[in-house]
Amino acid sequence: MASRLIDSVFLNSPQFESEPIGNELGLRLVLKVETINPIRNFKGRGSDFLVSRLPAGSPKLVCASAGNFGQGMAYATRKRGIPLVVFAAETANRLKLDRMRELGAEVRLAGCDFDAAKQHARAFAEETGAQFIEDGREPAVSEGAGTIAVELCRWPQTFDVALIPLGNGALLAGIGHWMKAHSPSTRIIGVCATGAPAMARSLASGMPESTESIATIADGIGVRVPVPEALADLAGVVDEVLLVEDDAMIRAMQLLFRHHGLVVEPAGAAGVAAALTFRQRFQGALIATTLCGGNLTAEQIRQWLTS
């Protein structure tokens, strides 16, 4: 049903085999490019599907975002005339903040990181009666993200591995559930930043494990406090979670830019970073990964891609 309701601008994104990167790493790498749309990330799929299913006359919505989910929500709510407030960290990516405002959202900065901003968003909803939308908790968001897997499964060969960036879990859950049903031999591997290991630790232990802080450039997967519902949704779907360093994500971003002219943010390149870091383990494998975001500021482009 999601594929019928999601705005077509987010669907059927390019997917192709990267021969130069695959040859360099000794494997076959299929890239699913989720950056060529109005918000330059995959979040439009899940947010548009969720908002499309809200009843008429829904109250003001509020969410927290590092920037990409907020853009997706802003795009979907503006189209339907629903007011939206987005809480973001005081340290959030300025390009993402500007884009959320341009799409019509009211953006409020609060807290030192994403999870602190989420606390403020939840409090705002309780105080005002707004409807709080939590990425990772809403099944419709995961279902919308799962349309990526529907498209990946059109590839003529079965993937050995899917390397999927893991933040709050909606992307990995959506892809993982579809893949387990339609490509059961494909190993589903989540990828977290070494400096933000809360989701990896939580999935390993089977219970939510928060961290005091995070230390990564990958704001899109910089989760400090796991969503319990997301962990439950991922149980039995994820075969493994790998951790990658920031330096590996930068190297992956540079490979994508050099070989394909793609501007990808650190979280979006996490899957390629895992293929790079664990190349010996994946020798000869057919791997799929999602390039799930490409919102870099001009300064970040200079620092990471052209230096």
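Predicted model: local features only at pLDDT ≥ 70, side-chain atom pairs only at ≥ 80, totals over all residues.

Student: Is C112 buried or exposed?

Tutor: The relative accessibility decides. C112 has 56%, so it counts as exposed. C153 has 31% and therefore counts as partly exposed.

Student: What is found at the start of α6 and just after it?

Tutor: At the start, a side-chain oxygen of D113 comes to within 3.3 Å of the backbone nitrogen of D115. Just after the helix, G129 has a positive phi of about 85°.

Student: Which residues of α6 are buried, and what covers them?

Tutor: The buried ones are F114, D115, A116, A117, K118, A121, F124 and A125. Their cover includes the strands β3 (61-64), β4 (84-88), β5 (106-109) and β6 (131-133).

Student: How should I read a pair of aromatic rings?

Tutor: Two values describe such a pair, the distance of the centres and the angle of the planes. The count here comes to three aromatic pairs. In one of them, F87 and F124 have ring centres 5.5 Å apart and planes at 55°, so the pair is tilted. F87 belongs to strand β4 and F124 to helix α6, so this pair ties together parts 37 residues apart in sequence.

Student: Are F87 and F124 buried or exposed?

Tutor: F87 has a relative accessibility of 6%, so it counts as buried. F124 is buried too, because its relative accessible area is 9%.

Student: Where do nonpolar side chains go?

Tutor: In soluble globular proteins, they tend to be buried together. In this model the largest nonpolar core has 40 residues, and L163, L256, F282, I287 and L291 touch the most other members. Several elements give two or more residues to this core, among them α2 (19-25), β2 (28-33), β7 (161-165) and β10 (286-291). Helix α12 gives the most, with seven residues. Apart from this core lies another, of 30 residues, including A76, L97, L103 and A105.

Student: Which residues is I287 in contact with, leaving aside its neighbours within four places in sequence?

Tutor: I287 is in contact with L27, R28, L29, V30, F159, V161, L163 and F282.

Student: Where does G44 lie, and is G44 buried or exposed?

Tutor: G44 lies in helix α3, residues 43-52. Its relative accessibility is 0%, so G44 counts as buried. Beyond neighbours within four places in sequence, G44 is in contact with F10, I39 and G72.

Student: How many residues separate G44 and A181 in sequence, and what is the distance in space?

Tutor: They are 137 residues apart in sequence and 24 Å apart in space, taken from C-alpha to C-alpha.

How values were computed: Residues numbered from 1 in each chain as written. Heavy atoms only, no water. Buried < 20%, exposed > 50% of the residue type's maximum accessible area, 1.4 Å probe, protein only. Helix = DSSP H or I, 4+ residues; strand = E, 2+ residues; numbered from the N terminus. Contact = heavy atoms within 4.5 Å. Polar contact = N/O pair within 3.5 Å; in protein donor to acceptor, adjacent residues only side chain to side chain. Phe/Tyr/Trp six-rings, centres within 6.5 Å; stacked < 30°, edge-to-face > 60°. Core = buried A, V, L, I, M, F, W, Y, C linked by side-chain atoms within 4.5 Å.
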